[in-house]
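Please read them with the model open.

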Amino acid sequence: MEKELPNTAAFQDEFTSSLLDSTEEVEEGHYLLESATGGYSMLWPKNAVTDGPPFYQRTKDSFEKIQFYERNEKENYDFSFSTTYSTYGESVIDSSLSILSDSVRYDGEYEKIETDKTRIYFAKSEKTFEEEKAYFYFGYITSKEGQKGLEYIYSAECMDSSKSNCNIDIKKEEEKALHYMKSVKFNKDE
């Protein structure tokens with residue numbers, strides 16, 4: 001008999017569920033994505049989905065890009081994520097940050113945040129598209145134990161800012177973004 005999958009967007013979506021190893025939440029509201037590259041793992045929000053290629057791309061064990069999102073019309077929010085894994089890490093951090101800055105149109109400094117096993121170069125910005133304001137939190141995470149890196153872009157916005165329930169708490173979203181980035185774990189090189 002097939003085990004019933006959790007009634008969450010991540011497991012109800014066929015492609016997304018194929019990326020996740022376990023239906024057990026590793027922390028409230030989150031599953032663990034163990035990358036098919038074997039290089040890293042990260043938290044995956046239980047209601048986030050990805051649509052497969054071109055939103056998911058992988059080149060053997062050296063590169064993986066995942067664009068995923070969590071949208072809720074009733075609650076009026078749209079969270080978007082984009083992660084890009086590579087086997088470059090700290091050795092090319094300047095060019096990695098330059099590429100990241102270009103992709104989010106950011107012209108500023110990065111704050112360096114240390115965890116036990118990673119170094120996070122973190123920044124944030126906000127943009128207004130038509131009348132919708134979007135908040136971007138982004139960083140480049142490198143392993144202290146090998147040449148691995150993960151570009152992480154998280155954005156939060158209301159689906160419709162004219163509605164009264166447009167409640168994006170930018171401090172809370174920044175804490176959430178940093179929590180996601182700090183929870184990235186790189187596997188040691190064999």
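1. K124 is partly exposed, at a relative accessible area of 43%. The model is predicted, and this value is computed from it. The partner of K124 in a salt bridge is E174, with 2.7 Å from N to O. This pair joins distant parts of the chain: K124 belongs to strand β7 (residues 118-129) and E174 to helix α4 (residues 170-182), 50 residues apart.

2. Is E174 buried or exposed? E174 has a relative accessible area of 10%, and because buried means under 20%, E174 counts as buried.

3. E174 also meets the side chain of K171 in a salt bridge, at 3.8 Å from N to O. Both K171 and E174 are in helix α4, where three residues, about one turn of the helix, lie between their positions in the count.

4. Helix α4 holds a further pair, E173 and K176, whose side chains form a salt bridge at 3.3 Å, N to O. E173 and K176 are about one helical turn from each other because they are three residues apart in helix α4. E173 is buried, at 6% relative accessibility, whereas K176 is partly exposed, with a relative accessible area of 25%.

5. On the general point, side chains of opposite charge can pair when their charged atoms come close.

6. How many salt bridges does a search of the whole structure find? The search finds nine. Elsewhere in the list, a network of salt bridges links E90, E114, R119 and K144.

Note on methods
Residues numbered from 1 in each chain as written. Predicted model: local features only at pLDDT ≥ 70, side-chain atom pairs only at ≥ 80, totals over all residues. Heavy atoms only, no water. Salt bridge = Lys/Arg side-chain N within 4 Å of Asp/Glu carboxyl O. Helix = DSSP H or I, 4+ residues; strand = E, 2+ residues; numbered from the N terminus. Buried < 20%, exposed > 50% of the residue type's maximum accessible area, 1.4 Å probe, protein only.
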